[in-house]
Amino acid sequence: MPSSSPRHADLSPPRVGLFCTCLVDMIRPSIGFAAAKLLEDAGCDVDVPAQTCCGQPAFNSGDRATARALAEQVIAAFENFDYVVAPSGSCAGMIKAHYPELFAGEPDWASRVDRFCAKVHELVSFLVDVRGVTRVEAAYDGTVTYHDSCSGLRELGVKDQPRALLASVEGLTLSEMADADTCCGFGGTFCVKYPDVSNAIVEKKAANIAASGADTLLAGDLGCLMNMAGKLQRQGRPVVARHVAEVLAGMGDAPALGEPAAEKTP
């Protein structure tokens, strides 16, 4: 049963379009299932329409024409929902902060894009700020540290919301790392364009994670998690990585990022 306290429980369930993101779809679909569970627990009617990339890689590479074409597809797929929610501050930030730039100077599009962007939210921010969720019924036996992803923090103001919900997870202890709100070095195409700088940044981040004493690293963006988990594994550090949605949804017992799946019993 719902482990939350929806602010609008007396109203008809809002129709939420879950924007899964490319990385979640291709690399770790369990994050999408966790996000759907959290949204349904919060009283939402969740659907996952056919979808494409949000356009961020093209946008960051200067290919505005491709980014704009992808933005049109995203808007068409999701604009009839009451809300659009993504388990990623990066993708949600791309839509809310940069779609208006892609359609600037086009009066026929401006109001449509503005209405659409107003519906878009990062997952945990939506649960806390829109649905009024104050706690979850989940358990996780371990000490975790939380990384603030750049887009979620700086474009969407996601910082206190995940920590508030993590405080309600039974058995979980949060140990903050130094500079939790600094970049991990991933930055989408940044790690491709500037690999040496990116590597230096994630080395510092890995040292801060280890110094926190946590056995689990959590974050709200899979790209950041893949970057940091890779560095931690290559350094042989005993820290596993999970998306915050998996822990909040009570799915924290599945193999962590990069761990092999358990063998099935014949």
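The model is predicted, so local features need pLDDT of at least 70 and side-chain atom pairs count only at pLDDT 80 or more, while totals for chains, interfaces and linings use all residues. Residues are numbered from 1 along each chain as its sequence is written, and side-chain values use heavy atoms, without hydrogens and water.

Q: Why is the aromatic pair of F190 and Y194 called tilted?
A: Rings of Phe, Tyr and Trp (its six-membered ring) pair if their centres lie within 6.5 Å, with planes under 30 degrees apart called stacked, over 60 edge-to-face and the rest tilted. F190 and Y194 are 5.2 Å apart centre to centre, with 40° between the planes, so they pair and count as tilted. The structure holds five aromatic pairs.

Q: What makes L39 buried or exposed?
A: Buried means under 20% relative accessible area, exposed over 50%, and partly exposed in between (1.4 Å probe, protein chains only). L39, in helix 2, has 0% relative accessibility, so L39 is buried.

Q: What makes I27 part of a nonpolar surface patch?
A: Like charges are joined within 9 Å, and nonpolar side chains (Val, Leu, Ile, Met, Phe, Trp, Tyr) within 5 Å. I27 has 46% relative accessibility, so I27 passes the area cut-off. M26, I27 and M226 make a patch of about 310 Å².

Q: How do you know which residues line the largest cavity?
A: On a 1 Å grid over the protein atoms alone, a cavity is a set of points where a 1.4 Å probe fits but cannot get out, and lining residues have an atom within 4 Å of a point. The lining of the largest cavity includes G89, E122, Y146 and H147. This cavity has a volume of about 90 Å³.

Q: What makes a space a pocket?
A: A pocket is an open set with protein on both sides within 12 Å along at least five of seven lines. The largest pocket holds about 550 Å³ of space and is lined by 27 residues, with L23, Q56, S90, F186 and G188 nearest its centre.

How values were computed:
Patches are made of residues with over 30% relative accessible area and no salt bridge: like charges are joined within 9 Å, nonpolar side chains (Val, Leu, Ile, Met, Phe, Trp, Tyr) within 5 Å. Accessible areas come from the Shrake-Rupley method with a 1.4 Å probe; for residues, only the protein chains shown count as cover. A salt bridge is a side-chain nitrogen of Lys or Arg within 4 Å of a carboxyl oxygen of Asp or Glu. Grid points are joined across faces, edges and corners, and a volume is the space filled by probe spheres set on the points. Helices (H or I, at least four residues) and strands (E, at least two) are DSSP runs, numbered from the N terminus.
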